[in-house]
Amino acid sequence: MISGTPPGHAPAIELRGASKVFRTPSGASHTAVRDLDLTVEQGEFVAVVGPTGCGKSTTLTLVSGLEEPTEGEVLIGGKPVTGIRPEVGFVFQQDAVFPWRTVLSNVMAGPRFRGVPKAEARERAREWLGRVGLAAFADRYPHQLSGGQRKRVALAQTFVGDPEILLMDEPFSALDVQTRALMSDELLELWGGSRPGGRAASVIFVTHDLEEAIALADKVVVMTAGPATVKEVFPVRLPRPRKVEAVRLEAEFVEIYREIWSSLGEEVRITRERGASRVG
Ligand SMILES: Nc1ncnc2c1ncn2[C@@H]1O[C@H](COP(=O)(O)OP(=O)(O)O)[C@@H](O)[C@H]1O
Ligand SMILES: [Mg+2]
């Protein structure tokens with residue numbers, strides 16, 4: 001698998017001095033993201049960790065084009081983001097499936113929406129259902145699936161669009177521990193083989209789970225307590241391919257975990273103390 005931006009090319013994603021201020025219903029303003037700089041190279045898998053409520057999801061909405069930054073710049077492939085783009089795929093914590101459609105029809109929906117002819121969309125959807133191990137479930141409805149299977153549908157829905165950029169917001173956090181590890185392994189496999197010519201999608205994976213972040217990523221970005229800005233960036237040089245259950249037992253993993261936790265733990269503590277003072 002090739003990763004890293006070739007010389008002379010723009011990084012896949014860049015945030016430069018990005019800030020986001022929300023107006024609350026009472027008219028007050030709330031800064032969710034402040035002066036955030038972040039670069040994701042082409043084919044790089046970046047995990048973002050930070051305390052709950054710090055501004056991780058907001059950061060993703062800026063990259064996705066769902067929200068505009070109040071200040072600063074957000075660039076994809078060197079160009080400012082001006083709206084939602086077809087080369088960007090999302091996976092959220094909540095399943096984005098239509099409950100009234102079959103699994104196959106759910107996976108076909110994106111390509112159909114983008115104008116792919118029906119027969120071709122069906123073929124591509126079947127292919128991706130096969131890759132996520134759901135070939136036998138094409139005619140089921142989402143409520144007839146387990147949580148892990150629904151997540152696989154979400155992955156098929158995303159990868160069928162052949163995304164260059166993949167934005168994932170705590171996609172596996174509602175799953176039990178074993179299913180979660182399985183899904184992480186599957187994600188790495190799909191990601192590794194996702195693009196023609198072997199170039200993988202560029203990923204921002206938001207999680208509050210540091211183990212998950214390290215197991216998946218090329219680098220882990222630690223965010224501050226809100227408003228979110230980048231506190232530190234840690235490279236993860238564990239060899240690939242990785243299996244998450246095995247990799248987290250390695251001495252190097254434990255060492256990286258300790259190092260990042262000493263940075264992240266402080267922000268978690270600050271966030272907790274703020275919460276406690278609000279309650280008390
Ligand atoms: N649309 C919005 N309007 C007002 N405040 C928002 C909006 N979206 C998020 N926020 C606030 O911004 C902060 C960061 O939220 P979020 O990015 O969802 O955090 P995280 O994903 O890290 O848990 C929170 O205090 C949240 O309440
Ligand atoms: Mg969030």
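Author: We take the pocket, then one serine. Keep in mind that this is a predicted model.

Reader: How is empty space found, in general?

Author: Rolling a probe the size of a water molecule over the atoms shows where empty space is left. Here, the largest pocket has a volume of about 720 Å³.

Reader: How many residues line the largest pocket, and which lie nearest its centre?

Author: The lining has 30 residues. Nearest the centre are Phe 90, Ala 109, Gly 110, Arg 114 and Gln 157.

Reader: Which helix gives the most to the lining of the largest pocket?

Author: Helix 2, with nine residues. Helix 2 spans 103-113. Strand 6 (88-91) and helix 4 (147-159) each supply at least two residues as well.

Reader: What is the lining of the largest pocket by class?

Author: Count 16 nonpolar, eight polar and six charged residues.

Reader: Where does the largest pocket lie relative to domain 1 and domain 2?

Author: Between them, because both domains give residues to its lining. Domain 1 covers 13-87 + 165-279, and domain 2 covers 96-162.

Reader: Now the serine. Is Ser 263 buried or exposed?

Author: Buried means under 20% relative accessible area. Ser 263 has 3%, so it is buried. Ser 263 sits in helix 8, residues 251-279.

Reader: Which side chain makes a polar contact with the side chain of Ser 263?

Author: That of Glu 232, at 2.9 Å.

Reader: Leaving aside neighbours within four places in sequence, what is Ser 263 in contact with?

Author: Val 222, Lys 231, Glu 232 and Phe 234.

How values were computed. Residues numbered from 1 in each chain as written. Chains lettered and ligands numbered in written order. Predicted model: local features only at pLDDT ≥ 70, side-chain atom pairs only at ≥ 80, totals over all residues. Heavy atoms only, no water. 1 Å grid on protein atoms, 1.4 Å probe; cavity = no way out; pocket = protein on both sides within 12 Å on 5 of 7 lines; lining within 4 Å. Points joined across faces, edges and corners; volume = space filled by probe spheres on them. Helix = DSSP H or I, 4+ residues; strand = E, 2+ residues; numbered from the N terminus. Nonpolar A, V, L, I, M, F, W, Y, C, P; charged D, E, K, R; others polar. Domains from an automatic or database assignment. Buried < 20%, exposed > 50% of the residue type's maximum accessible area, 1.4 Å probe, protein only. Polar contact = N/O pair within 3.5 Å; in protein donor to acceptor, adjacent residues only side chain to side chain. Contact = heavy atoms within 4.5 Å.
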